[in-house]
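Me: I have a structure open and would like to go through some of its side chains. Can we start with the charged ones?
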Amino acid sequence: MSQETPSPNAEELLRLFCEHTSEHALVLLDTTGKIVGWLPGAQNMFGYLPHEILGQPVSKLFTPENVEAGMVEYEQEVARTDAEAEDDRWMLRKDGGRFWATGVLTPIRNGGGELVGFGKIMRDRTDIRAQMQSLSKQIDSLKTAEERKNRFISTLSHELRNPLSALSLAQGLLQYAGKDEQAMNQALGTIERELGTMRRMVDDLIDVTRVSAGKVQLELKCQDLRPVVESAVEVCQPKIDMRSHDLHVILSSSPLEVNIDADRMRQVFTNLIQNASNYTKNGGTIWVKASVEAGEAVVKVEDNGVGISPDSLPHIFDLFTQAEFAGDRKERGLGIGLSVVKDLTQMHGGSVQVRSDGLGKGSEFTVRLPLAHRNEQPQNAL
């Protein structure tokens, strides 16, 4: 006949509880909030040995800001008047490190219902806190992306409406021009200009889609960068002349040999020069410079235009972003040109930066590309 296993006493039950709840900390307090019970789980969680913490106020485990905010007293007062006080907050380890704890403070009463102390059970949930913060950041990022997309759609509608209105007027002018050659030429000029505007918008949309999908293939060739910069200037020259900008092109007297896709880098510089023209008042000044710095070919496009606010600088290359510029320019574009500039430059192993001292103080965009070694064989890249 088998013997019954004797029932463990309270101390044995407490020991077994602690062994099987290593993720939890159990701390016993007297009615004044001093620590009178320090079990193994608490030692593992906070790092204090029993002789270091027994008799100390429980506030030693709280962060200074929570102590200052009176959370220690508040928690005990809630437990006194209610069944328990639940809390989720940062706690302080012996080494000064912090962890996010979820816990509950429960009042302990004797047989007569008199309060004799508190029991505080905590669990380290720093992992959950980190996941929550990560999810919160992802939600904020999605909200920001949604807002940018909505702004982009609104901007696209506006940007398309302008050339469509001009084309409609040109169509009416052609209908009534008859044999008036001057009126016909004016209407045809308007059509050509506005179709060019719409074509550039469509090209930008196609480019940003292809770059994002990794479908742009570079035809790399070792060549001098200076003619590429000059050809970009030529593309932008009519607009610069129309707005009476004072353009200064300063190029290195020596070749700038780089491995590039000339058409794509021309697109980069054209975007930057057109951007400078868009945001520089009539009669303003634009500088285009190309030189060598620290083993890199460096092209700078600078203007004395409306500048960029400090808040906009970190996001200026983000897709669908339009900076808050001074003034109310009509040629802001779709907010994707600079994103294409960044992506195409990085595909060439280069980088692009922006600098502005603030609104009304102009801006400077700098493209850096690694110089080619003479024996280096360029490889086409996706």
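Me: Where do Glu77 and Arg80 lie, and how many residues apart are they?

Reply: Both lie in helix α5, 3 residues apart, about one turn of the helix. Helices here are DSSP runs of H or I with at least four residues, strands are E runs of at least two, and both are numbered from the N terminus. This is a predicted model, where local features need pLDDT of at least 70 and side-chain atom pairs count only at pLDDT 80 or more, while totals for chains, interfaces and linings use all residues. Residues are numbered from 1 along each chain as its sequence is written, and side-chain values use heavy atoms, with hydrogens and water left out.

Me: What do Glu77 and Arg80 form?

Reply: A salt bridge, with the closest N and O atoms 3.8 Å apart. The term means a side-chain nitrogen of Lys or Arg within 4 Å of a carboxyl oxygen of Asp or Glu. Glu77 is partly exposed at 42% relative accessible area, and Arg80 is partly exposed at 31%. Buried means under 20% relative accessible area, exposed over 50%, and partly exposed in between (1.4 Å probe, protein chains only).

Me: How many salt bridges does the structure hold?

Reply: It holds 17. One of them joins Glu75 and Arg89, whose closest N and O atoms are 2.7 Å apart.

Me: Why does the pair Glu75 and Arg89 tie together parts that are apart in sequence?

Reply: Because Glu75 lies in helix α5 (residues 71-81) and Arg89 in strand β3 (residues 85-92), the pair links parts 14 residues apart in sequence.

Me: Are Glu75 and Arg89 buried or exposed?

Reply: Both are buried.

Me: OK, new topic. Which residues touch the most other members in the largest nonpolar core?

Reply: Of its 41 residues, they are Leu225, Met265, Val268, Phe269, Leu272, Ile273 and Val367. Helix α9 (residues 262-278) gives the largest share of this core, 7 residues. A nonpolar core is a set of buried Ala, Val, Leu, Ile, Met, Phe, Trp, Tyr and Cys residues joined through side-chain atoms within 4.5 Å.

Me: And what does Leu272 touch?

Reply: Leaving out residues up to four places away in sequence, Leu272 touches Val301, Leu338, Val341, Phe365 and Val367. Contact means heavy atoms within 4.5 Å.

Me: Which residues are in the other core, the one of 23 residues?

Reply: Among them are Met45, Ala79, Ala85 and Leu115, and that core lies apart from the largest one.
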